[in-house]
Amino acid sequence: MPGLSFGSQSQNGRPSFWWIPIVLIVISVMLITLCVRLEGGGPFAVARGVVHTVTKPIESVCSAISAPFHSIGKSSNSAEVAKLEQENRQLRTLVAELEEYRQQDQRLTTMSQFSDIYGLESISGEVLSTSSGWDRTATVNRGSADGVRVGMGVMSSCGLYGMVESVTSNTCVVRLINDANASVSAMVQNSRAHGIMHGAYDGTLTLEYVPIEKAVGEGDVVITSGSGGSYPRGILIGTVRTIETDSSKLYHRITVDPIYSIDSCEEVLILTGAQSETSTVLDESLLQTVINSANTVRPGTVGVIATALLNGTTSRSKQAAEAERARQEAEKKAAEEAAAKARSNQGSSSASNNSGESQSNNSDAGNSGSEGGRTNNE
Amino acid sequence: MNKPLIYLIVFVLCFLLQAGLSPAIAIAGCAPNFLIIPVLLVALRSGVGAGGVSGFFCGLLYDLMGNGTIGCMALVLTITALAVGFLARGIDITSPVTVIIVALVSSVFSEVGYGIAVMLTSADAVGGMGAIFAHSLPTSLYSAVFAIAALLVCGLFLGYEGAATGAELGKQIGGRATKMPRMKSRLK
């Protein structure tokens, strides 16, 4: 092949240096291998953090610059604008703003209640941007300065959202649960069948490794199982859409419909820690509030989810109440027994003391008295 | 105009557009890749070596700006630059039709190649083929629109000077023989 010697000249007399891209291709393959082996951590995370720190302000500035242009495009500017029309527009803007605040308030209230339901310590955050191509991630306006750490779970007002993947001082990147590289330990609520939930490049959710002997029905609610410790148990993920058998014929392969549109979420809760170990007994009134708010997101699924969740919650509440009652009874019985024993001990000790005293009075040596003392001790 | 200076300006502009504008103008999750522009420009105008370096560093920057596996876009853009650099030896790079075809093919190759690289490096490739059609192809067309416009505009500044094609050589031999001694002697 002409011109393929090192530094040879091409047709126009310039050196070709064809070997440079070959070397760079080899370096790229090495980088990919290292990145996969280190799972994007180590020096890669540091380099990415530096680049993100540089590019995020540029992104913010560009979005701030483009925002007024968007609003100009949306507003109706006519040549003859009367004073009343102007006032009308201003009022409409105000109403829209207030409506936005009202909806935001509703979402935040629901989220705080959601946090209360699960007994979780959390901080709220706003989604700055999302990427929904090969890489389904979201940038949230909370960072290490707010106590966010890599690996923390993230919830939205309606259910599970993702996990913190990288953190800068003021922002964090959350990998969404429907990303192809995301996996969540989950279970079907009715049958308590555990499995692993995977995302996919097309944004679908798949629950795998559910044993085939477990009964799973379409429309069943899927929640987090709490295994692995990344997420608390009982966070809503979605409902079962289709059930297939995988190639090994040992497990179900279940497609799950998320309860809400994960990509269009605006506010999130970052789970900084759990107050209790894993709260599974839910407050029914609060849960009802969450379901009502979810109704606005996707009305079709709410009936199923409400029934299933409330059934599960009620049965678990009953179980918990029974367990509590049994515990209280056992405690009461134990206290009574202890009191009876103490009374009997008191009676016997006073009797032995009396006999000891009489014996010591009667004998010369204190042997009998010491025995009495031993009896008393016993 | 000074060629390295134009390359630098194009690179800085494309970096700013990629960091700031690209997420803002994404349509249905498809954001254009502005960093392919300097790669194609350098590969077409300066050949395989410089194009490869440009492809590697632009790809690495793209990887670091995103959240995927680092090295995937660097690999794909280096290969793209290698192919375009070799191709540029035998075609008329000043023709708008050539620029359009090169930009379109390179863009599709780089986006589909990136998708495949991402799938190969991830644990689970469920829904990957669907995503190539639903995401990679629209993204590549979107990127190609900007790449074509940018390359045509850059062609106005760079003109024929320093281009590496046979068609251009014919034009250069008459007026600028001193710059092309080897080719002139070969033609004689």
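**Helix 3 of chain B, up close**

Modeller: Let's start with length. Helix 3 of chain B has 18 residues, so at 1.5 Å a residue it should span 26 Å, and its end C-alpha atoms are 25 Å apart, which agrees. Do keep in mind that this is a predicted model.

Next, how covered is that helix? Mostly: 17 of the 18 residues in helix 3 of chain B are buried. Of the 188 residues in chain B, 53% are buried. As for contacts in chain B with a separation of 6 or more, 68% of them join residues 24 or more positions apart.

Now for a neighbour. Two packed helices are described by the angle between their axes and the distance between the axes. Here the pair is helix 2 (residues 36–46) and helix 3 (residues 48–65) of chain B, whose axes come within 7 Å and cross at roughly 170 degrees. An angle over 145 degrees counts as roughly antiparallel, and that makes helix 2 of chain B roughly antiparallel to helix 3 of chain B.

Which residues do the meeting? On the helix 2 side of chain B they are P38(B), V39(B), V42(B), A43(B) and S46(B), and on the helix 3 side they are A50(B), G51(B), S54(B), G55(B) and C58(B). Sorted by type, the residues of this contact between helix 2 and helix 3 of chain B come out as 6 nonpolar, 4 polar and no charged.

R192(A) has a phi near 55 degrees, a positive value in a residue other than glycine. R192(A) sits in the loop between strand 6 (183–188) and strand 7 (193–198) of chain A. With 10 other C-beta atoms within 10 Å, R192(A) is exposed, because 12 or fewer is the cut-off for that.

Y209(A) is the other spot, with a phi near 60 degrees, again a positive value in a residue other than glycine. Y209(A) belongs to strand 8 (residues 205–211) of chain A. Y209(A) has 16 other C-beta atoms within 10 Å and is partly exposed.

How values were computed:
Residues numbered from 1 in each chain as written. Chains lettered and ligands numbered in written order. Predicted model: local features only at pLDDT ≥ 70, side-chain atom pairs only at ≥ 80, totals over all residues. Helix = DSSP H or I, 4+ residues; strand = E, 2+ residues; numbered from the N terminus. Buried ≥ 20, exposed ≤ 12 C-beta atoms within 10 Å, placed from the backbone. Contact = placed C-beta atoms within 7 Å. Axes fitted to C-alpha atoms, helices over the stretch in contact; angles between N-to-C directions. Parallel < 35°, antiparallel > 145°, perpendicular 65-115°, else oblique. Nonpolar A, V, L, I, M, F, W, Y, C, P; charged D, E, K, R; others polar. Expected span 1.5 Å × (residues − 1).
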